[in-house]
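Take a look at the sequence and the 3D structure shown here. Then read through the report, one region at a time.

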Amino acid sequence: MIDRLEKEVDMLERHLQVLRMVIENEPIGIVKMSNETGYPHHKVRYSLRVLEEENLIEPSSQGAITTEQTAEFVDDLDGKIDHIIEKLDGMKIDDAAEVER
């Protein structure tokens, strides 16, 4: 049950790492991102496709670049992550709660 969430978080982490590289190095290509992150080309390509579908990046002849929506997304990101963390913290089962066996 929790394994799927962990895989989604890992994938989100990769997508955000790719986005960060585009923001810091635009324009940037797949090969450079793959070499710097250690992710295989196909995983970088998938992350780029997801980010493009979200209108956070767009392709150019020199590589991926940010869009007008990127800055707003980045500005809202920390608050959204904090909200999710609070929600997950609320889901914890207290150590004090005795589990019947």
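## A serine and its partner

Which backbone oxygen does the side chain of Ser-34 reach? That oxygen belongs to Tyr-39, and the separation is 2.6 Å. Keep in mind that this is a predicted model.

Ser-34 sits in helix α2, which covers residues 30-37. Is Ser-34 buried or exposed? Its relative accessibility is 7%, below the 20% cut-off, so Ser-34 counts as buried. Now set aside the neighbours within four places in sequence. Ser-34 is then in contact with Tyr-39, Pro-40, His-41 and Val-44.

## Another residue of α2

Val-31 also belongs to helix α2. Its relative accessible area is 49%, which lies between 20% and 50%, so Val-31 is partly exposed. Arg-45 is 14 residues from Val-31 along the chain. The C-alpha atoms of these two residues are separated by 9.6 Å.

## The nonpolar core

Nonpolar side chains tend to be buried together in soluble globular proteins. Here, the largest nonpolar core has 14 residues. Which of them touch the most other members? They are Leu-19, Val-22, Met-33, Leu-48, Leu-51 and Ile-57. Helices α1 and α3 (41-53) each supply at least two residues of this core. The largest share comes from α1, with five residues.

Leu-48 shows how such a residue is surrounded. Leave aside its neighbours within four places in sequence. Leu-48 is then in contact with Val-18, Val-22, Ile-30, Met-33, Ile-57 and Ala-64. Three of these names, Val-22, Met-33 and Ile-57, are also among the core members that touch the most others.

## A histidine in α1

His-15 has its place in helix α1. Its relative accessible area is 9%, which is under 20%, so His-15 is buried. Which residues does His-15 contact, leaving aside neighbours within four places in sequence? They are Tyr-46, Ser-47, Val-50 and Leu-51. One of these, Leu-51, is also among the core residues with the most touching members.

## The largest pocket

How much space lies in the largest pocket? The volume is about 440 Å³. The lining has 14 residues, and the closest to the pocket centre are Glu-8, Val-9, Leu-12, Ile-81 and Ile-84.

Helices α1 (2-25) and α4 (70-91) each supply at least two lining residues. By class, the lining has 10 nonpolar, one polar and three charged residues.

## Two backbone exceptions

Most residues other than glycine have a negative phi, and most peptide bonds are trans. Two places in this model depart from that pattern. A cis peptide bond joins Glu-26 and Pro-27, with omega at about -10°. Pro-27 is found in the loop between α1 and α2.

The other place is Asn-55. This residue is not a glycine, yet its phi is positive, at about 60°. Asn-55 lies in the loop between α3 and β1 (57-60). Is Asn-55 buried or partly exposed? At 46% relative accessibility, between 20% and 50%, Asn-55 counts as partly exposed.

Glu-53 is found in helix α3. Its relative accessibility is 58%, over the 50% cut-off, so Glu-53 counts as exposed. Leu-88 is 35 residues away along the chain. The C-alpha atoms of Glu-53 and Leu-88 are separated by 27 Å.

Glu-72 is found in helix α4. At 53% relative accessibility, Glu-72 is also over 50%, so this residue counts as exposed too. Val-18 and Glu-72 are 54 residues apart along the chain. What separates their C-alpha atoms? The distance is 17 Å.

Notes:
Residues are numbered from 1 along each chain as its sequence is written. This is a predicted model: local features need pLDDT of at least 70, side-chain atom pairs count only at pLDDT 80 or more; totals for chains, interfaces and linings use all residues. Side-chain values use heavy atoms; hydrogens and water are left out. On a 1 Å grid over the protein atoms alone, a cavity is a set of points where a 1.4 Å probe fits but cannot get out, and a pocket is an open set with protein on both sides within 12 Å along at least five of seven lines; lining residues have an atom within 4 Å of a point. Grid points are joined across faces, edges and corners, and a volume is the space filled by probe spheres set on the points. Helices (H or I, at least four residues) and strands (E, at least two) are DSSP runs, numbered from the N terminus. Ala, Val, Leu, Ile, Met, Phe, Trp, Tyr, Cys and Pro count as nonpolar, Asp, Glu, Lys and Arg as charged, and the others, Gly among them, as polar. A nonpolar core is a set of buried Ala, Val, Leu, Ile, Met, Phe, Trp, Tyr and Cys residues joined through side-chain atoms within 4.5 Å. Buried means under 20% relative accessible area, exposed over 50%, partly exposed in between (1.4 Å probe, protein chains only). Contact means heavy atoms within 4.5 Å. A polar contact is a pair of N or O atoms within 3.5 Å; within protein, one must be able to donate a hydrogen and the other to accept it, and residues adjacent in sequence count only if both atoms are side-chain atoms.
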